Amino acid sequence: MEKIVKTGNRLRFRQATVEDMDYIMEVEYIPENAKYVISYTREVHMQTLDTPSATHLIIETLDTHEKVGFLMIAGLDNPSKEIEWTRIILNVKGKGYGQETLEMLKSWAFDDLKFHRAWLDCKDHNTRALHVYEKAGLVREGLIRETILTDGVYENLIILGILDREYFAMKNK
């Protein structure tokens, strides 16, 4: 039975299952996506598929249930009420699904789960994602310099976050 976690205007988040693992691996390793993430093995994804502290969600269209991406979320049991959006990966781009996904993620984190803070990291050269995150109200909180070694080159990560009060102020405007 499908477990629907959140529904938006055009999209829904559904709890990922073992049957979704081929899709998750495929989308993560698409060259256009893989250059922006530290790719995980199937084993790592399986260990965090659905646990008290972490989960994977499939992003689907409401009308046809077409898979358009996936999410990996950590910190679900964090006593400080801080959630990490570890993966936001879309394989269908240019349709506004990224913006809707961020709006749904914020609502899920703050309206539904009552978290205090949500955050993510993003490679500094991922300008498309940075634009979407900042447009959604996430604030650049820091830069971790040369922290990831990819193909012999050190890369920087930008930390972005949003607090519950910032979300509710934006929502109530």
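Biologist: Which residues does T86 touch, not counting residues up to four places away in sequence?

Modeller: This is a predicted model, in which local features need pLDDT of at least 70, side-chain atom pairs count only at pLDDT 80 or more, and totals for chains, interfaces and linings use all residues. Residues are numbered from 1 along each chain as its sequence is written, and side-chain values use heavy atoms, with hydrogens and water left out. Contact means heavy atoms within 4.5 Å. On that basis, T86 touches Y40, M72, I73 and A74.

Biologist: Is T86 buried or exposed?

Modeller: Buried means under 20% relative accessible area, exposed over 50%, and partly exposed in between (1.4 Å probe, protein chains only). Because its relative accessibility is 18%, T86 counts as buried.

Biologist: In which strand is T86 found?

Modeller: Helices (H or I, at least four residues) and strands (E, at least two) are DSSP runs, numbered from the N terminus. The run that spans residues 82-90 holds T86, and this is strand β5.

Biologist: In what order do the eight strands form the open sheet?

Modeller: Two strands pair if DSSP finds at least two bridges between them. The pairing in this open sheet is mixed, and the order is β1-β2-β3-β4-β5-β6-β8-β7.

Biologist: Which are the edge strands?

Modeller: An edge strand here pairs on one side only. That applies to β1 (4-7) and β7 (139-150).

Biologist: Which residue in β2 stands opposite K6?

Modeller: Strand β2 covers residues 11-15 and runs antiparallel to β1, with three bridges joining the two. Opposite K6 stands F13.

Biologist: At about what angle does helix α1 run to β4?

Modeller: Axes are lines fitted to C-alpha atoms, for helices over the stretch in contact, and angles run from 0 to 180 degrees between N-to-C directions. Helix α1 (residues 21-29) lies across β3 (54-61), β4 (67-74) and β5. Its buried residues, among them M25 and E28, pack against α2, α3, β3, β4 and β5. The angle of α1 to β4 is about 95°.

Biologist: How far apart in space are Y40 and E28, C-alpha to C-alpha?

Modeller: Y40 lies in the loop between α2 (31-34) and α3 (42-47), and is partly exposed, with a relative accessible area of 25%. Leaving aside neighbours within four places in sequence, the contacts of Y40 include M25, E28, M72 and T86. Y40 and E28 are 12 residues apart in sequence, and their C-alpha separation is 8.3 Å.
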